[in-house]
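Subject: Handing over a structure

Hello,

Here is the structure I promised to pass on to you. Please have it open while you read the notes below.

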Amino acid sequence: MVSKRVTCTGCSLLCDDIIIRTDGLYIDEVIGACLKGKEKFDCTTGQNRILSPMIRKNSELEKTSLENAIKKAIEIIANSSKPILYGFSTVNCQAQLMGIELAKCVNGFIDSNSIICHGKVMNAAKQTGMTLSTISEVINKTDLLIFWGANVAESIPRLLNKALFSRGKFRMTGREIKTIVIIDPAKTASFNVMGVRDIALQVEPGKDIELIRALKEECCSPNSIPSNGVAGADKEDLKRLLIQLTNVENGVIFIGQGIVGSSRSSEVIKELLELIQMINAQQQKGRMSLMMLGGHYNMVGFDHVALSTYGKNHSLQFSDNELVETSDTIVSKINNGDFDCSIIVGSDPVSHLPWTLSKKLVSKPLILIDNKKSATFNCAHVVIPSTITGIESGGLGYRLDHVPVELYKIVNPPEHIISDEEILLKLINGLK
Amino acid sequence: MDLVLNTVRMVDYDQVKEYSCGDENSLKENLAICILNPEDIKKLNLTPSLNLKLANQYGEVVVKVKENKDIPSGTVLMPVSIWANLITGIDDEQLIFKNIKVSAEATRDAILTIKELLNKIIP
Amino acid sequence: MAFALDLLQGKVKIDDCTPLLEPKYKKNYDTLKELIGSEEGKEKELTIDVDEDLCDGCGICVTICPVNARYCPPSLSGKAPDYPPEKHQLFQVKNGKCELLNLKYCRRIEGEGQARECRVCESYCPREAVKIDYV
């Protein structure tokens, strides 16, 4: 039995301090990883692991060989004129690049999960600019952490540990010197880490934009906040928040689905980015930055790969082997039925998209490349199993703070199962 | 009764975990649920044998109710899942998962299993 | 502080604290008598239980524990301590759950009157999974 330090791909925090004990064949013990990370490592031997390629025959999925599954997938794609590709947030950057090349090869449309998540922040940042921070900076320098619309204790369990409780180089007293602010309509588990000087703001649902606008207006004079508060937040708490925002040495705002997944999210994000720019412009020596909390481990990676290859971070439409202008997103493509087959890679859209979209998605032939059974698996016409990146195959991933992290193979995959990029390359070669 | 729905990620009711290691029963037990403030449960006349039907312009869903006093009155939480997405939707090409208006009523209707849900859409 | 912890463990009795016997502290004396009740003087052991159903392996207890911080350098920056665990290490996250390795070096039972009312692991657990008790 050997012990190794490995990187966990349970979420976008990509913890690189996990220790696993392995005999080379199986992972026996996982030390340091949270429950989400442990569950990811357990996927290698999970009962719902996809172990064989499958093709739908007479309304049932039947096992077949890899060659047959690839052949059937190629047949479906070759017979379509408007294929769409979606997912790519739980695969490595090499697979994301292969996905984009496949879309180019078949004059298809490709988008990743980030378009319905942190991609909105990247889009807004093109107009307003964005100040970023890294996890190391948060550990060593940050003294104010604001969690806005995110139940971080349950979505990324180890982030609070690293960000708030660590004793960084310039923050050796750790928790005592750090202030946490949580802005959320409901009192979640994250509220349990609050201390006396921390600020809990239970805003009314859907009123985040009012709060941001009030903070922007009052940036100069905290004394003119309305006496009955704003958006359900108390006047005194708002005053304390403003004082923190304008006097902090290094602050980070973490935003979650509460901001990104609500109506008017584009407006909210734009105003929030402007607030951060405003604070930074006024600060003498301090700095505020932003970090987006995502669940899938390589959601950020797709944006980087797409930007660096084609100058666009999402919604790439190809025609005649060239990138063309489009205002479509995966949502409009599916909603308008503007596709005739879909290739889903490392994702489960039938579960995580609204039902109206799921119904439309599965009405056309669906090819799934993934490693575990899901709702999308049950609706697919062709299923091609893949390895679990970071455990059974390596590659590059991007952490939530946009830092690239190399992932390594720890154990061998089950027999005849190959990586996502190898599968996509086989499809490209078969279609050329 | 009108409520505001928020879909959230919860460690105890995690879709990814259920798909990895669960089965049809555990999927339904742990994901086809909603969480309400005890006051709202009282106003809805919900008893342990009854389920809750949530409906809006996007669709409707029947789920089991759990209580939590930390949830503000007038709000209902559901774990991110295929059941929650029966009542989430699109607004101006944006996906809406938070702050969705729903109407709630107690019901004796059964909760659909994932197989029953998918059978409605598998061609 | 050390006296308070010895009282909870049944090593001393309330009457052993001479200042408390003064008339001006009678109210405090009575309150303590009521709180401790019939458990006074009964020997008890410190326990720190981690509820496995509630714990999600966030590792906050590993990082915040002052003993871990002193003897396990990686935990200063929130990283998982080295394996095998250092002999003083109190908490470890294994297979997604926190486990208590040993209580021997917990600050609550440090010897020679150095014991402290340290509850950081219990206070800061976001899932309220850690419980300190005397049984």
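What follows is a short tour of the domains, sheets, helices and contacts.

First, the ground rules. This is a predicted model, in which local features need pLDDT of at least 70 and side-chain atom pairs count only at pLDDT 80 or more, while totals for chains, interfaces and linings use all residues. Residues are numbered from 1 along each chain as its sequence is written, and chains are lettered from A and ligands numbered from 1 in the order in which they are written.

**Domains of chain A**

Chain A splits into domain 1 (2-41), domain 2 (51-115 + 297-400 + 409-431) and domain 3 (119-292); domain bounds come from an automatic or database domain assignment. Between domain 2 and domain 3 of chain A, the C-alpha centres are 35 Å apart. Where these two meet, seven residues of domain 2 of chain A are in contact with five residues of domain 3 of chain A (two residues are in contact if their C-beta atoms, placed from the backbone, lie within 7 Å). On the domain 2 side of that contact in chain A there are two nonpolar, three polar and two charged residues. For these classes, Ala, Val, Leu, Ile, Met, Phe, Trp, Tyr, Cys and Pro count as nonpolar, Asp, Glu, Lys and Arg as charged, and the others, Gly among them, as polar.

A word on terms: helices (H or I, at least four residues) and strands (E, at least two) are DSSP runs, numbered from the N terminus, and two strands pair if DSSP finds at least two bridges between them.

One open sheet of chain A has five strands with parallel pairing, in the order β10-β9-β8-β11-β12. Its edges are β10 (199-201) and β12 (287-292) of chain A, each pairing on one side only. On average, neighbouring strands of this sheet are turned by 15 degrees against each other, direction ignored. Axes here are lines fitted to C-alpha atoms, for helices over the stretch in contact, and angles run from 0 to 180 degrees between N-to-C directions. Strand β11 (residues 250-255) of chain A runs parallel to β12(A), and six bridges join them; A:Val252 is found opposite A:Ser289 in β12(A). Across β11 and β12 of chain A lies helix α11 (residues 265-282), which runs at about 155 degrees to β12(A).

The other open sheet has nine strands with mixed pairing, ordered β5-β4-β17-β16-β15-β6-β7-β13-β14 (chain A). Strand β13 (residues 316-319) of chain A is joined to β14(A) by three bridges, and the two run antiparallel. Among the partners, A:Ser319 bridges to A:Glu322 in β14(A).

**A helix pair**

Helix α11(A) also has a helix beside it: α8 (residues 208-217) of chain A packs against α11(A) at an angle of about 20 degrees, with the axes 10 Å apart. That angle makes α8(A) roughly parallel to α11(A) (angles under 35 degrees count as roughly parallel, over 145 as roughly antiparallel, 65 to 115 as roughly perpendicular and the rest as oblique). The residues that meet include A:Ile209, A:Ile212 and A:Leu215 in α8(A), and A:Val268, A:Leu272 and A:Leu275 in α11(A). By class, this contact of α8(A) with α11(A) has seven nonpolar, no polar and six charged residues.

**Where chain A meets chain B**

In this contact, 45 residues of chain A touch 40 residues of chain B. Elements giving two or more residues to the chain A side include α1 (35-42), α10 (257-260) and α15 (355-362) of chain A. Of these, α15(A) gives the most, with five residues. The chain A side has 14 nonpolar, 24 polar and seven charged residues.

**Chains B and C**

In chain B, strand β8 (residues 100-107) is joined by four bridges to strand β1 (residues 2-8), running antiparallel, with B:Leu3 partnered by B:Val102 in β8(B). Strand β3 (residues 51-56) of chain B also runs antiparallel to β8(B), with five bridges, and B:Leu54 has B:Ala104 as its bridge partner there.

Chain C is assigned domain 1 (2-39) and domain 2 (46-134), and their C-alpha centres lie 29 Å apart. Five residues of domain 1 of chain C are in contact with seven residues of domain 2 of chain C. The domain 1 side of this contact in chain C has four nonpolar, one polar and no charged residues.

Best wishes
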